[in-house]
Amino acid sequence: MATTAKTPKTPKSEAVAAPTAEDLAHTLRAQIQRSELAPGEWLREVRLCSEFGVGRSIVRRALRALADDGLIEIEENRGARVSSTTVEEVFDLYEVRAALYGMAARFACLRGSDAMIRAMIAKIDRMLSDAEGGVAAERIIEESESIFSDMSGCASADGQRMIEAIRRKTRFHFSYVALALNATRPGPFDHWRTVRAALVARDAEAASQGARDILYFMQGEVARIMLSRGPRLIADAPQIPSSTTSKRAVPRRKT
C-alpha cells in the first residue's frame, strides 16, 4: 500500500523576546540623550507599556533606573518626567568623578600588587593600540572604564561605592564622549600614557594627575557638545514647577 509523503511543517518563526527593564531603560536613555524626549516631558506608564509591549513592573523598574541616573524625576501620584540637565550639573559631576578617579589611580600605585599593575598596563596598551587602529569610540570607553574599575578595586569599600555612584550618574553622557573621541585626536590618550608611565614607576602623584586630566578632557568635551546643541545653562533651563517639593531659588550666573 502506497504511503503519502508528509509535507514537512514550516517551523514557526521565533517570537521576539519582550524588552527587559534594562533594555527599556537603555532605549529611553538614548532617546533622552538625542533630545527625542524633551526636558519636562511626561513618561506615562500606560503609553510605555503599549509602545514597548511590556508590563507595568518592567516600566517601573526602567524608570527607577533612569531616576537613579538623574535623567528623570518621579513624582508620587503624578508619574515621571524628563529632567532638565544643565551644563553646570554635568560639569560638576565630572569634577567629582575626576577627583575620585584620581584617588583610584593613586591607590593603585600605592596598594596594587605587581600582577595587578602589569594587568592594568596590558589593558592600557591594548586600548591605545585600538585607538590608533580606529576602533569604535564606544569600545575605547568600555576599555577605559574597565581599567578604572581595576584601579578602584584598590580603594576601600566606601571609596568604591562613591566611585560607582558617580559613574552611574555620568554614564548616560558617554555618547557625548564618544562623539568627542571620534572627532578629536589624540583626545585623552596622552594622559593615558602619563598614567601608564606612572603605574610603571609607582608614582602615585603623577598617576593621580593623569587620571584627573583624562576626566577633565571628557568634562570639557561633553560641556562643549551640550552647549553646541542649544542653551543648557542653569539660567536658561526651563523651570518645571513641582507639586511635591518646595520651590528653591536657582542661583543665576554672574554677568
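I began with E221 and found a polar contact of 2.7 Å between its side chain and that of R224. A polar contact is a pair of N or O atoms within 3.5 Å; within protein, one must be able to donate a hydrogen and the other to accept it, and residues adjacent in sequence count only if both are side-chain atoms. The model is predicted, so I kept its limits in view: local features need pLDDT of at least 70, side-chain atom pairs count only at pLDDT 80 or more, and totals for chains, interfaces and linings use all residues. Residues are numbered from 1 along each chain as its sequence is written, and side-chain values use heavy atoms, with hydrogens and water left out.

I placed E221 in helix α10, residues 204-228. E221 counts as buried because its relative accessible area is 14% (buried is under 20%, exposed over 50%, partly exposed in between, with a 1.4 Å probe and protein chains only).

**Whole protein**

I listed 10 helices and three strands (DSSP runs, H or I of at least four residues for helices and E of at least two for strands, numbered from the N terminus). From the N terminus, I read the order as α-β-α-α-β-β-α-α-α-α-α-α-α. The protein has 255 residues, and 40% of them are buried. Of the contacts with a separation of 6 or more, 74% join residues 24 or more positions apart (contact means heavy atoms within 4.5 Å).

**α9 and α10**

I turned to the helix that holds E221 and its packing against α9, residues 189-201. The angle is about 160° and the axes lie 8 Å apart (axes are lines fitted to C-alpha atoms, for helices over the stretch in contact; angles run from 0 to 180 degrees between N-to-C directions). I therefore noted α9 as roughly antiparallel to α10 (over 145 degrees; under 35 is roughly parallel, 65 to 115 roughly perpendicular, the rest oblique). The crossing of this pair is left-handed (the near helix is turned anticlockwise from the far one by less than a right angle; clockwise is right-handed).

On the α9 side I found H191, W192, T194, V195 and A198; they meet A206, A207, G210, A211, D213 and I214 of α10. I sorted this contact into seven nonpolar, three polar and one charged residues (Ala, Val, Leu, Ile, Met, Phe, Trp, Tyr, Cys and Pro are nonpolar, Asp, Glu, Lys and Arg charged, the others, with Gly, polar).

**α6 and α7**

I looked up a second pair: α6 (residues 137-152) and α7 (residues 157-170) pack at about 155°, with axes 10 Å apart. That angle makes α6 roughly antiparallel to α7. Their crossing is right-handed. I noted E145, F148, S149 and S152 from α6, and Q160, I163 and R167 from α7, as the residues that make the contact. By class, they are two nonpolar, three polar and two charged.

I then followed S152, which lies in α6. S152 is buried, since its relative accessible area is 9%. Its side chain reaches the backbone oxygen of S149 at 2.8 Å. Beyond four places in sequence, I found S152 touching A104, Q160 and I163.

**V135**

Last, I looked up V135, in the loop between α5 (114-132) and α6. V135 is partly exposed, because its relative accessible area is 25%. With neighbours within four places in sequence left aside, I recorded contacts of V135 with D130 and I140.
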